[in-house]
Amino acid sequence: MVQKLIDALRARVAAYERHGDTGPLLDPAALAETQALIAAIQTDYGDEYVSAISAVADLHWCRSGVLGSQGSADRSLAVGLFAVLAAIAPDRIPETARDLAERQDDVTDRFRAWHDAESSLVQAHRSRNPADLSRAVDVHAQLLADLPEDDSQYPSLTNNYANALQLRYEVLGELADLHAAVDAVRRAVEAVPAGEQKRAAYLATLCLVLRLRHEHTRADDDIDESINVGRQAVAATLPNVTGYAASLSNLGLALRSRALARRTSGREDIDESVALMRAARECTPPHSPAHATRLSNLSLALNVRFQLTGSTSDLDEATVAAEQAVAACAEDDRRYPLLQSNLGGVLNARYDHYGDREALADAAAAFESALAAAPQEHPLFKELLSNVSSARWRLFDVDGAAEDLQTTIDIGSQLVDTAEPNDPHRHMYLSNLGRAYRSRYALSGDVADLERARTATGAAVEALVPHDPRRAAAQSNLANVLTDRFERHGIRADLDGAIAALDAAVADTGTDNPERPGYLSNLSMTVHTRFEAFGDRNDLDLAIRYGRLSVARNDLGVSDLCAYRSNLGLCLQDRYQLVGNLADLSEAIALFTQAAAPAGLTSRDRAKYRSNLGLGLRMRFDRTADAADLDAAIDAASSAADAVGEGTSERCRYLSNLGAALHARYEHAPAVSDLDRAIASFNASIAHTPADHPGRTTYLSNLSVSLMAKYFSSLDLADANGAVRAARDALAGSHPGHPDRAAILSNLGAALRARSQVPGHDTDADEAIRCWSTVTEMITAAATTRLNAAHAWADLAAAADLAAALDGYTRAIELLPVLVWRGLDRTDHEHLMGLYVGLASDACASALQAARVDFAIELLEHGRGVMWGEVLNARTDLAALARVNAPLASRLGEVRTTLERDTPNGTSTQHR
């Protein structure tokens, strides 16, 4: 159509120049053709654009000559268009126009002004250099200041001014430029009567700048108005002109932005966006330079719809469209970096959903190609650099390569240091840098990296206004760092701050937002950490509830679902440790098994889930004595340790877990080789863990247990001394809220008890009793841990101090109700009863030895009452009820099952 209009205008001019025929020039249809042609062309300064501008300018120039004094409007328009040609194709200006320009000062001045403005915009468009951009803005502003609003060129010049402001905003990020651009293009729209094609073009510009302002400020009014004027632009544009595809695309982008901002109600918007992008692609010929952009925009819309719905067909189509867009664009085209970057984003989404490492590597390659094709002055250079940084971090997360992590930190530091305070992407640079510092802290345990992470993630949150949709992700990152700080330093304010940040992230995220499960899982684990530290059982209740919510959706990506399952498993495993409900442990093991199973997992993630599985299997062995579970636990722990880098904090944790499984097998079937391997594993963990790292205390305590076992075998005092020393070091390194502190104190007591039999260590027994007495008062400890400590206290004291022994037994009997609570099923009750079947009798015997007959009877009755009343009577009553009222008994059974599943009851000493 464009070429037909150009040919028609040239024929009119030729008829006048060759034959003096003025009819074709003055025909009203000629003006309609010029308007249609201007509306149909793309401002890309290519050959078609030059030919069109030249044809329109020639026609108006000839008309001005024919009309004389009545042709001032034609002459003004022609001069303006010649100014455009002077900047990009001066040879296309007729000689007569040049001669006249030299003879008439007013024409010369205006010609030069238009030439200066248009050439400045062309240069700014091509270079994106801040100086060129500012010159284009200033030249247009000065020209407009002297131009009456009723001048025929006022709307066009005002729209160009808005374009210059928009370009400068895209490079410098100054919100004031967007405000000025919106105001300018509003004036352009108002200056053109409804029905004219160029008004549709100005509406399309207004749609664009309003969308950009919404994406900066998140103002709902802007995106709603953007969509409204975008619809007007589409309605006012003839479907058979080139500008129609651009109007469709602009409206589609605005709808996509609103769908992202309002995910809970964004389905209709994104469906319409996809339809518009497809229509824009179909309206754009494959040979058109705009075809690649249309394909990339379609890919963006499809990718958002995939995020909202989980439709893999959308993800596949988005991938194909993004690849086609890159293939359709030359590498030296200024759009190439953006198209490659968009392809990288879609490939990232494929990795997130499928766990396909090849997709992640391809995404990183796309981001690298985008950056390589962009000069440093490219308006998207920082964003492209940030994409490379994020891609390197994700590769590190998969492969654990230290050079990838270092590159991430180097790039992140550069971006943060050079970002202006009002840079719209500054929060992203800060959050990504904080995440990278946290990863390096996890590897090295260097507390300086932890503080750097805290500073960066905190600044990222502060850089965003409350309720900004991007703020939730920043708050989640900050919460992770604050939790690490709590685990390192034991400061409760850090933990409460983490939970508050995650509460806000969840509250600001709609129920259908794909990021919400991740925030819920993080919140689950952070609340669980607070439960471990302070023992509020409501926290464990919340942790399990949030964990179940995080895995409830059926559209989760593979890697995310595995992570959330593993986290929920840890909470359930901890509840089993507290109350002994085997159903919790069985569910946890099933979740760990599911988490470690998918083929697309990264080696580091699989190692983490395998290590957790090993812990669960070892616990089940402790309960059932099934040697197959123990062998499987050792295999899982060993494979986890082998899968991660030497000397990393992850490997230290997995080696400690392996050591615990080997020690358990030694106790089950004594083999010195297992004990030696356990001690070697613990020593390796300790050797590569910083002195103030929170995990070190657990590794030392575990080493103490194995050295004590070795002492019983070797009777070498050095082993007993080593066990006591390791336990003391562990206690010294644990803050009062440390989740393993009860176990550490218990282990220290056991080591002291063993050494107390050696001459010269008479005070060890008293210190051991003090350790166990302290454990019995720790409400955050598991009931079995507290009861075992009380029993050990009484047993050790019985030989020398009957009063102390009686105190220990009394405390043990008092703890029985905590152990056998009504939420347990019959099998769990019987198991726990078997552990302490002689406790009441021993307590009674101790009281009798102390000549306290009445108290002896009281202890015996109390112990028996707890053990049998809680276990048998509750069940017998339910069975009897079932015979009388089966529906009511069934309902009570459902209530009991719910309580067993959701009631919080304890703490954990496991690692995640």
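I looked up the neighbours of alanine 254 and found that, leaving aside residues up to four places away in sequence, alanine 254 touches Cys207, Arg211, Ile223, Ser226 and Ile227, a contact being heavy atoms within 4.5 Å. I note that this is a predicted model, in which local features need pLDDT of at least 70, side-chain atom pairs count only at pLDDT 80 or more, and totals for chains, interfaces and linings use all residues. Residues are numbered from 1 along each chain as its sequence is written, and side-chain values use heavy atoms, with hydrogens and water left out.

I placed alanine 254 in helix H13 (residues 242–261), helices being DSSP runs of H or I of at least four residues, numbered from the N terminus. Alanine 254 counts as buried because its relative accessibility is 0%, the cut-off being under 20% relative accessible area with a 1.4 Å probe, protein chains only. I also checked leucine 212, 42 residues apart from alanine 254 along the chain, and the two C-alpha atoms are separated by 8.9 Å.

I then turned to helix H19 (residues 381–399) and helix H20 (residues 402–418), whose axes come within 8 Å and cross at roughly 155 degrees; the axes are lines fitted to C-alpha atoms over the stretch in contact, with angles from 0 to 180 degrees between N-to-C directions. H19 and H20 are therefore roughly antiparallel to each other, a label for angles over 145 degrees.

For the whole protein, I recorded 42 helices and 0 strands, and buried residues make up 55% of the 912 residues.

Technical notes: Helix = DSSP H or I, 4+ residues; strand = E, 2+ residues; numbered from the N terminus. Parallel < 35°, antiparallel > 145°, perpendicular 65-115°, else oblique. Buried < 20%, exposed > 50% of the residue type's maximum accessible area, 1.4 Å probe, protein only.
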